[in-house]
Amino acid sequence: MKKLAGVGAAITFVFLLTATSASADSSGNFTATGTSASCVATPATFSASTCTNSGQCPAGAPTCVAGICTSTTACTTSSDCPGDTVCGLSGVCVGAGAFTGATLSGGTSLTSLTTDIRTPNGYGTTLLIRPSLATGLFTRTSLSTTVTDATADVGIQVCLFVDPVVSGTPAHPTFTGGLPVFPSQCVVYDQRIQQVSNTLFGNLATCIAPAPAGACTTDTDCPVGNTCTNPTDGAGAGLCQAPAPGCNFQVLLTTLSAHSFDFVVPMPGNGTHHVAVLWSEIGTTKSTTGGTTASCVGPAEITVQQVKNFHNDSRISFTNN
């Protein structure tokens, strides 16, 4: 009986050992790192240029003189003036007649996050990596009599590297190579393209609307693009007003956005793996004449989870379509 009991104990031990090994092979591992530094967005301040009283004027040009917000600061160029003013024709700083001041601040000074994770050996071992970023974008487009169109293009791109070659500086490292990353090594988390065009300044002399014609009560009674001018709101008492030819103001705004994305990295075997996430500002025309941009990141976080793709599961696959 003692011999049988010993054999039973050995079988139980082997069973437990096998179960423990299978559990260790299929169990997950997890790591994360991040920063709590946060971006802050605030409205811009409007600096008035025209006025009917001094209370309407900005701090840099506090006095209303002949309908213009004026300061006592002499100038030859706008660089001589406070931030909410420009150099006027009279040689003193006057209200800018525009939005001034920063609208985007804070965030992190980091450009990357890194962490390490250990994986076991076994079929289907995979890393599920999720970089999450709060992002801020700022675009400004300004037009004048000499600038009739402006473009401001800015974005934030996030790239993932596993076991890469590291170069650069500790504060701003760069990464190359490493294991294959799916579905793509780099993903655009945010991008905004703001474009403005205006023919108004160049056509002021000819920008005259045609005489109104056609009885109407509401806009729906007029051709598309026309408006019904009806001061009395009487039935059929209005006239359809067509827009002035050649006078227009157009704004285009195109946006891409992700903020959080799951990357998949199939692992070749056991060991400790270095995971790096790098973000950078992108934009084909980040700052053009009449356009300026800025960006901000924070908070930011990367989570890394070791998962298992079992034999009876669907195979991990990606397509370029």
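This is a predicted model: local features need pLDDT of at least 70, side-chain atom pairs count only at pLDDT 80 or more; totals for chains, interfaces and linings use all residues.
Local features need pLDDT of at least 70, side-chain atom pairs count only at pLDDT 80 or more, and totals for chains, interfaces and linings use all residues. Residues are numbered from 1 along each chain as its sequence is written, and side-chain values use heavy atoms, with hydrogens and water left out.

Disulfides were assigned to pairs of cysteine sulfur atoms within 2.5 Å. The count comes to 8 by this rule. Three of these pairs are described here. Strands (E, at least two residues) are DSSP runs numbered from the N terminus, as are helices (H or I, at least four residues). Residues are termed buried under 20% relative accessible area, exposed over 50%, and partly exposed in between (1.4 Å probe, protein chains only).

Cys39 is partly exposed at 22% relative accessibility. Cys296 is buried, at 7%.

Cys57 and Cys69 form another disulfide, with a sulfur separation of 2.2 Å. Its torsion of about -80° also makes it left-handed. Cys57 sits in the loop between strand E3 (45-47) and strand E4 (63-65), and Cys69 in strand E5 (residues 68-74). The two cysteines are 12 residues apart. Both are buried.

Cys159 is joined to Cys186 by a disulfide, S to S 2.1 Å. Here the torsion is about 110°, so the disulfide is right-handed. The pair connects strand E12 (residues 149-162), which holds Cys159, with strand E15 (residues 186-198), which holds Cys186. Cys159 is buried, with a relative accessible area of 8%, whereas Cys186 is partly exposed at 29%.

A nonpolar core is a set of buried Ala, Val, Leu, Ile, Met, Phe, Trp, Tyr and Cys residues joined through side-chain atoms within 4.5 Å. The largest such core has 25 residues. Leu127, Ile129, Leu160, Val265, Val275 and Trp279 touch the most other members. At least two residues each come from strand E10 (112-119), strand E11 (125-141), E12, E15, strand E20 (263-266), strand E21 (271-282) and E22. E12 gives the most, with 5 residues. Contacts (heavy atoms within 4.5 Å) were listed for Ile129, leaving aside its neighbours within four places in sequence. Among its partners are Leu160, Val265, Val275, Ile302 and Asp262.

Asp262 also takes part in a salt bridge with Arg130. A salt bridge requires a side-chain nitrogen of Lys or Arg within 4 Å of a carboxyl oxygen of Asp or Glu. The structure holds 1. The closest N and O atoms of Arg130 and Asp262 are 2.6 Å apart. Arg130 lies in strand E11 and Asp262 in the loop between strand E19 (249-257) and E20, so the pair ties together parts 132 residues apart in sequence. Arg130 is partly exposed, with a relative accessible area of 37%. Asp262 is partly exposed at 33%.

Patches consist of residues with over 30% relative accessible area and no salt bridge; like charges are joined within 9 Å, and nonpolar side chains (Val, Leu, Ile, Met, Phe, Trp, Tyr) within 5 Å. Phe182, Ile316 and Phe318 form a nonpolar patch on the surface. Together they have about 240 Å² of accessible area, computed by the Shrake-Rupley method with a 1.4 Å probe, only the protein chains shown counting as cover for residues. Ile316 lies in the segment after E22 and is partly exposed at 32%.
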